Amino acid sequence: KARLTLTADSHTRLYGQANPALSWAVSGFVNGDSAAVLVGAPELSTAATAASAVGSYPIAIGVGTLAAADYEFAFVPGTLTVTPATPTLTWPAPDPIEYGTALAALQLNATADVPGTFTYTPAAGTVLPAGAHTLQVDFTPTDGVNWLPASASVPLTVTKARLTLTADSHTRLYGQA
């Protein structure tokens, strides 16, 4: 029998996602034969799951139900590469604040879908001048192997503070300036 080489295709996916459909390729047909001479399909498997950490996992390929009258099979495994994912940051644009109001949790309130730390620019306690500003957050996930750092920004309007002007009261004698 002639030998066909069945190769498991390599795939890449993000951490936390389901594995892609495993696929394969075949080479080595002779005498003008094509994949039409194959019956059934090889068995493909990997130990990786959606919860598998970042890294490389072999994709095994075996005969499964595959058959061909004039061929025997050789198998070449593939690799599933799991890469770090980017966390999802949620940060609604804060309501305008008045000049003199220090930045606090009402403005600096981004959230992430994984645990980690937030660093805001400008920092909490900063008093911004009146006008349009952009607040920035840099997020560092606790699990720096499976998750990438992320950033986000939102606009903030600082309105002018209202001053109250009060005229001083005075007394004078009639006829004087």
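Visitor: Why is Phe 118 called partly exposed?

Guide: This is a predicted model, and its values are computed. Phe 118 has a relative accessibility of 28%. Buried means under 20%, exposed means over 50%, and partly exposed is in between. So Phe 118 counts as partly exposed.

Visitor: And why does Tyr 120 count as buried?

Guide: Tyr 120 has 17% relative accessibility. The cut-off for buried is under 20%. Therefore Tyr 120 counts as buried.

Visitor: What makes the rings of Phe 118 and Tyr 120 a stacked pair?

Guide: Their centres lie 6.2 Å apart, and their planes stand at 15°. Rings pair if their centres lie within 6.5 Å, and planes under 30 degrees apart count as stacked. So the rings of Phe 118 and Tyr 120 are a stacked pair.

Visitor: How many aromatic pairs does a search of the whole structure find?

Guide: The search finds six. One of them is formed by Phe 29 and Tyr 71: the ring centres are 5.7 Å apart and the planes are at 80°.

Visitor: What makes the pair of Phe 29 and Tyr 71 edge-to-face?

Guide: The angle does. Planes over 60 degrees apart count as edge-to-face. The planes of Phe 29 and Tyr 71 are at 80°, so this pair is edge-to-face.

Visitor: Where in the chain are Phe 29 and Tyr 71?

Guide: Phe 29 is in the loop between β3 and β4, and Tyr 71 is in strand β6.

Visitor: Are Phe 29 and Tyr 71 buried or exposed?

Guide: Phe 29 has a relative accessible area of 23%, so it is partly exposed. Tyr 71 has 4% relative accessibility, so it counts as buried.

Visitor: Which sheet does β6 belong to?

Guide: An open sheet of three strands, in the order β3-β1-β6, with mixed pairing.

Visitor: Why are β3 and β6 called edge strands?

Guide: Strands β3 (24–27) and β6 (71–76) each pair on one side only. Neighbouring strands of this sheet are turned by 25° against each other on average, direction ignored.

Visitor: How do you know that β1 and β6 pair?

Guide: Two strands pair if there are at least two bridges between them. Six bridges join β1 (residues 2–8) to β6, and these strands run parallel. In β6, Tyr 71 is the bridge partner of Ala 2.

Visitor: What makes the contact of Glu 72 and Arg 3 a salt bridge?

Guide: Their side chains meet at 3.1 Å, N to O. A salt bridge needs a side-chain nitrogen of Lys or Arg within 4 Å of a carboxyl oxygen of Asp or Glu. Glu 72 and Arg 3 therefore form a salt bridge. A search of the whole structure finds one salt bridge. Glu 72 is in strand β6 and Arg 3 in strand β1, 69 residues apart.

Visitor: Why is Arg 3 called exposed, and why is Glu 72 called partly exposed?

Guide: Exposed means over 50%. Arg 3 has a relative accessible area of 51%, so it is exposed. Glu 72 has 35%, so it is partly exposed.

Visitor: Which strands form the other open sheet described here?

Guide: Four strands form it, in the order β2-β7-β5-β4, with mixed pairing. The edge strands are β2 (11–14) and β4 (43–46).

Visitor: Why is Ser 52 called buried?

Guide: Ser 52 has a relative accessible area of 11%. That is under 20%, so Ser 52 is buried. Ser 52 is found in the loop between β4 and β5 (55–62).

Visitor: What does Ser 52 touch?

Guide: Arg 13, Tyr 15, Ala 47, Tyr 57 and Val 82, not counting residues up to four places away in sequence.

Visitor: How do you know that Ser 52 has a polar contact with Thr 49?

Guide: A polar atom of the Ser 52 side chain lies 2.7 Å from the backbone nitrogen of Thr 49. The cut-off is within 3.5 Å, so this pair meets it.

Definitions and conventions. Residues are numbered from 1 along each chain as its sequence is written. This is a predicted model: local features need pLDDT of at least 70, side-chain atom pairs count only at pLDDT 80 or more; totals for chains, interfaces and linings use all residues. Side-chain values use heavy atoms; hydrogens and water are left out. Helices (H or I, at least four residues) and strands (E, at least two) are DSSP runs, numbered from the N terminus. Buried means under 20% relative accessible area, exposed over 50%, partly exposed in between (1.4 Å probe, protein chains only). A polar contact is a pair of N or O atoms within 3.5 Å; within protein, one must be able to donate a hydrogen and the other to accept it, and residues adjacent in sequence count only if both atoms are side-chain atoms. Contact means heavy atoms within 4.5 Å. Axes are lines fitted to C-alpha atoms, for helices over the stretch in contact, and angles run from 0 to 180 degrees between N-to-C directions.
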